Every structure is written in C-alpha cells, then in structure tokens.
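Keep the 3D view open as you read.

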Amino acid sequence: MTGTTAGRADTATHRLPAWRAPAATRSNAVPAGAWWLWALGLATAASRTTNPLLLGLLVGVAGYVVAARRTDAPWARSYGMFIRIGLFVIAVRLLFSVFLGSPIPGTHTLFTLPEVPLPDWAKGVRIGGRVTAEQMLFALYDGAKLAALLICVGAANSLANPARLLKSLPGALYEAGVAVVVAMTFAPNMVADVLRLRTARRLRGRPTGGVRAVLQIGLPVLEGALERSVAVAASMDARGYGRTARVPAAVRHTTNVLTLGGLLGVCAGTYGLLAAEGAGYGVSLLVAGLLAAMAGLRLGGARSVRTRYRPDRWGVRAWLIAGSGAAVAAAMIRAGTADPAALHPGVIPLTAPVLPLWPAAAVLLGLLPAVVAPVPPSPTGFQEQV
C-alpha cells in the first residue's frame, strides 16, 4: 500500500513540470515575429492613453517579461538603453514646455522666465514667460506616452533574435529586411562593445568616465562596428547574396500592380476607418488591400532563389504570446471608445489620475509570455544559436 502511494506521488511529481514552461531549445524557440506582435500590441495600447498609471503598468509588464525571458545575447542587453532614451524624451518634453511655452492655460504659476519679444508674424509662439503647473503636467503626460511606446519597442529588441526575424520575412522584402535588421542590431552591439571596453579599462585601473575616456572608447567601438559590417558583407557575398531568378515580364507587372494597388487599398481603408463618413467602406477596402498586397509579395518572392534552413514554426505558445499583445491593444482601443476620460486624465483643473480597473486588468494580459514562453538557460550555460 505504501509503495503504491509512493508511486502515485512520484508520478504526480513528474507530471507537474508538464504544466510549466519548458526550457528553451532550438526546436521550441519563440519566433521573433511573435515577440514583435506582442510588443507592438503593448505599444499600440500605450499610444491610446496618457494616463500615467496605465503607462507605468504597461512599462512594468514589458519589463517583467523581459527580465523573465531574455537571454544574454548582445541584443538582449539593449532594454536598459531604451529606458534611458525614454527618460531623456520626458526630460526634453518638459524643457520644451518650460522654454517654448504651451497652449494649455493654467492658474498655478510655478515660476516666471524672462520672455523674449518676438515680431508680430510669430504670434502664438513665445520663448520664456510664465510656467504653470498645468502645462508641466500636460507635458509630462505627453512625454510619458512616447517614452512608454519606445520602451515597449525596446522590449521586442531585447527578446527577438534579429536573424530569426530576417528568416521570417517574405522573399520580396529580403533586401529591405537586411537593412532593417542591420539598423536594429547596430545599437545593441554598440552598447555591448561599450560595456566590454569599459570593463576592460576598469580592470586595468583606467578611468571610465569623463570626456577623455569617452573619446578613447569611441574609436574602438566605431572600428569594431566597421569590422562587423565588412565581415557581414564578405559572408553575404560568399553565399551568393543578391542573385535573382528570371521571372517572366507578365509576372513582374502583375506583382507591381498587386503590390501598389494593395498598398493604396490599405491607405484608403485606413482613412475610411478613421473618418466618420467612411466607416462603411473602410473595412472592405482594408481587407481587399491587405489581400492584394500579400499576393503581390508572394509573387515577388519568386525572384528570390534563397532557401530557408530550419524555418520557425508557430506553435500554440507563439500564438498565445502574439494574441496577448493583440488583446491588450484591442481592450485599450475599446476602453478609449467607452470611457475616454479615464484614459486621458485632464489637467484643468489639477486632479490626480485614477486607475481604471478593467483597462488595467486587460494590460495584465501582457504578462502571459512570462508564463508560457520557454525559459532561457542560465547565462553561464547559454550559447546563442542563429
């Protein structure tokens, strides 16, 4: 009896890990597109509100997922840089409000700066003058929205492998995708080089701060970036990058017509959705434009002779990650229609922002990747594979 009970306990113990996220391997890695769709969903939600409590919650959700599921790859270290960029954006927005004024009237004067007289043709623009608490609060809300959007995009940069993202692009966009991937990886690699050089200088007993240290670090960083660019160009040339297959003229013309017509349909459909009088035809035009553009990209990929080695497969976990970001964006858009005052707290009169409950609960859906995404290995045993 005791042995049977112990066996059942052991069986239950072995079954418990099946409910948890597995360890990350090459076969179960989350596609880069899923991380980007999740992050873009959070960014869309951030663009729909100026409530600092909701924006802080979105940043907290993104930061928690990054801390729980990022690796020690070079691009994974760029999240802190995006946070600093966001704080810099807020500071610049506040400085602009102080020195260039704001259209927001206010009665609570904080201080008064000397005002520069301007000619009559510059009416509506002022430099200096009275600075009120209302205009500063409005600038803080506005800057926080942009900062939260940048931080959400930074989360995608920290979680998604740029090389795997490039593999997922259609063949017609491969050349443009290479340029985008190089641009996205330059900043994280540069940050990694700066950290490496500062650590080396610190171990040698040399100063790591000041203008002189920055100048001495800057040259090796730029030299390393140039060497990587030359190495990438040489490897692409060795692999025959740029070769294209011969496609009949009719296929090329059909591709151009479908792609251009599809993009025009997307623009017209988007305008119809935004305009009150075009809501009837907006959806149909948008769907038709998307289908035409996808068909054009499909045909355009026939020119590419490259093959895909081990293509990313979208499993249940990838769809859950992408769907959680889409759910957050949809809930925030719905909340903006139902209760816009809760998402955009007023500054006249001065009132404390209130956290709306169900939009905040919807934002928490963005934490789903921290539960379902595979757990990366420890930094000591991790070796990134492309």
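**A pair of helices, a strand residue and the confidence**

In this predicted model, the axes of helix 4 (residues 79-100) and helix 5 (residues 133-159) come within 8 Å and cross at roughly 160°. Axes here are lines fitted to C-alpha atoms, for helices over the stretch in contact, with angles from 0 to 180 degrees between N-to-C directions. The two helices are therefore roughly antiparallel to each other, a label for angles over 145 degrees. Their contact involves 18 nonpolar, seven polar and two charged residues.

Next, find Thr132 in strand 2 (residues 127-132). Is Thr132 buried or exposed? Its relative accessibility is 2%, so Thr132 counts as buried (under 20% relative accessible area, 1.4 Å probe, protein chains only). Apart from neighbours within four places in sequence, Thr132 is in contact with Gly106, His108, Thr109 and Leu110, where contact means heavy atoms within 4.5 Å.

Now for the confidence. The protein chain has an average pLDDT of 77, and 73% of the residues score at least 70; pLDDT is the predictor's confidence in each residue, from 0 to 100. Where pLDDT is low, the predicted coordinates should not be read in detail.

Residues are numbered from 1 along each chain as its sequence is written. Local features need pLDDT of at least 70, and side-chain atom pairs count only at pLDDT 80 or more.

Methods:
Heavy atoms only, no water. Helix = DSSP H or I, 4+ residues; strand = E, 2+ residues; numbered from the N terminus. Parallel < 35°, antiparallel > 145°, perpendicular 65-115°, else oblique. Nonpolar A, V, L, I, M, F, W, Y, C, P; charged D, E, K, R; others polar. Buried < 20%, exposed > 50% of the residue type's maximum accessible area, 1.4 Å probe, protein only.
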